[in-house]
Amino acid sequence: MISSLHRPTVAKIDLEAITANIEAVKAHIPADKKTYAVVKANAYGHGAVEVAKRVVDLVAGFCVSNVDEALELRQHGITKEILILGVVMPEELDLVIANDLTIAVASLDWVHAALKETIAFKKLHVHIKVDSGMGRIGFRNLDETNQAMRLLRDAGVEIDGIFTHFATADEADDGKFNQQLAFFKDFLAGLEQVPALVHASNSATSLWHSQTIFNAVRLGIVCYGLNPSGTELALPYPLKPALQLESALVHVKKLEAGQDVGYGATYTSQEEQIIGTLPIGYADGWTRDMQGFSVLVEGQLCPIVGRVSMDQITIRLPKAYPLGTPVVLIGNSGAASISATDVASYRGTINYEVLCLLSDRIPRQYGE
Ligand SMILES: *Cc1c(COP(=O)(O)O)cnc(C)c1O
């Protein structure tokens, strides 16, 4: 898919903000902890290659969700450790080894399947994934884990690490968090051999449970300057959002009273008004449920009226602005701002999803 470069819709990415956010977190956790930047899903929409290149000297390595995301980084010259967090199909292990990737091992069944492959197991690096209560992937049974680790070691596999993932580290109630933590600690205590690297901290855990970091953190959303809890918990220190979504007025008109706007004619002007059109729509990830939300023109909130179409939205303007007037959908305009978290709240989702849904059609522009 080609980005649409010849229209005024763009996501401006502040790489300096990403650097500053990682430095801020590192300054608040013990210096001996290893830092992974999580750049899955195209670095949460910010551009995995550009982000990885920019922060490569600040981190020990990167986390991605699948083989292809890892290959993209390797193909762009990233040589540091890359840990694949999801389950890799055993038949892809030759690719994993050829590209010096590290993978999560999440079940005994997977180990049995993987050991049937004819590959150079001595070159395979893994981290064991423990399901301490997230319920997605990972070992839940200690005997199976010890057995799997024995089988892997016998085959010559390097077991570099072991990790788990918290389901509720971004919530005010820490009951479930503490249960998962206790489960993971018991699990470690029951292992025949504990790998050198032990990690459990995503962004939320690094921010609000920094006393429970084992020896590495996996930083995702904080790198991009957003609060993992949305609005539930206050950030313990400031972060800077790194993405600004902008477009511009490509059409401005005066509507008489009683005129309809958009598919379904869901909006009818009650009096004479000025309507502007922006070249962004649900195919860009600006979803249909954004109807009724606002965008910023010269620091003023202007409501999105009528349906969000695939490629365009219509907004009500306080006055006639010239064509080309910039419009901010996420970010700062004058003294006003709209955050990805604001968008998420309106849409009934989380800021992560708002960022990840921004499609490849929107060009990413890099600056500081
Ligand atoms: C995505 C992910 C992370 C990063 O999560 P954030 O909340 O963005 O910090 C860390 N660990 C695992 C296993 C993940 O899947």
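Biologist: By class, how many nonpolar, polar and charged residues does the lining of the second largest pocket have?

Modeller: The general idea comes in two steps. Rolling a probe the size of a water molecule over the atoms shows where empty space is left. Then we sort the residues: Ala, Val, Leu, Ile, Met, Phe, Trp, Tyr, Cys and Pro count as nonpolar, Asp, Glu, Lys and Arg as charged, and the others, Gly among them, as polar. Here, the lining of the second largest pocket has eleven nonpolar, eight polar and four charged residues.

Biologist: Before we go on, what kind of model is this?

Modeller: It's a predicted model, where local features need pLDDT of at least 70 and side-chain atom pairs count only at pLDDT 80 or more, while totals for chains, interfaces and linings use all residues. Residues are numbered from 1 along each chain as its sequence is written, and side-chain values use heavy atoms, leaving out hydrogens and water.

Biologist: What counts as a pocket?

Modeller: On a 1 Å grid over the protein atoms alone, a pocket is an open set of points where a 1.4 Å probe fits, with protein on both sides within 12 Å along at least five of seven lines; lining residues have an atom within 4 Å of a point. Grid points are joined across faces, edges and corners, and the volume is the space filled by probe spheres set on the points. The largest pocket comes out at about 570 Å³. It has 28 lining residues, and the closest to its centre are Lys40, Arg136, His165, Asn202 and Tyr352.

Biologist: Which helix gives the most to that lining of the largest pocket?

Modeller: Helices (H or I, at least four residues) and strands (E, at least two) are DSSP runs, numbered from the N terminus. Helix 2 gives the most to the lining of the largest pocket, with three residues. By class, that lining has 16 nonpolar, seven polar and five charged residues.

Biologist: Where does Lys40 lie, and what does UniProt place there?

Modeller: Lys40 is in helix 2. UniProt's unreviewed entry puts "modified residue: N6-(pyridoxal phosphate)lysine" at Lys40. UniProt positions are given in the numbering used here, feature names are shortened, and annotations may be inferred rather than shown by experiment.

Biologist: Is Lys40 buried, partly exposed or exposed?

Modeller: Buried means under 20% relative accessible area, exposed over 50%, and partly exposed in between, with a 1.4 Å probe and protein chains only. Lys40 has 29%, so it is partly exposed. Contact means heavy atoms within 4.5 Å. Not counting residues up to four places away in sequence, Lys40 touches Cys63, Val64, Ser65, Glu69 and Leu85.

Biologist: Which residues does UniProt list for "active site"?

Modeller: The unreviewed entry lists Lys40 and Tyr263. They span 224 residues in sequence, and the farthest two C-alpha atoms are 35.2 Å apart, so they do not all gather at one spot. From this set, the lining of the largest pocket takes in Lys40.

Biologist: And where does Tyr263 lie?

Modeller: Look in the loop between strand 12 (260-261) and strand 13 (267-268) for Tyr263. Tyr263 is exposed, at 60% relative accessible area. Tyr263 touches Arg307 and Ser309, leaving out residues up to four places away in sequence.

Biologist: Is Ser309 buried or exposed?

Modeller: Ser309 is buried, because its relative accessible area is 17%. Ser309 sits in the loop between strand 16 (300-305) and strand 17 (313-317).
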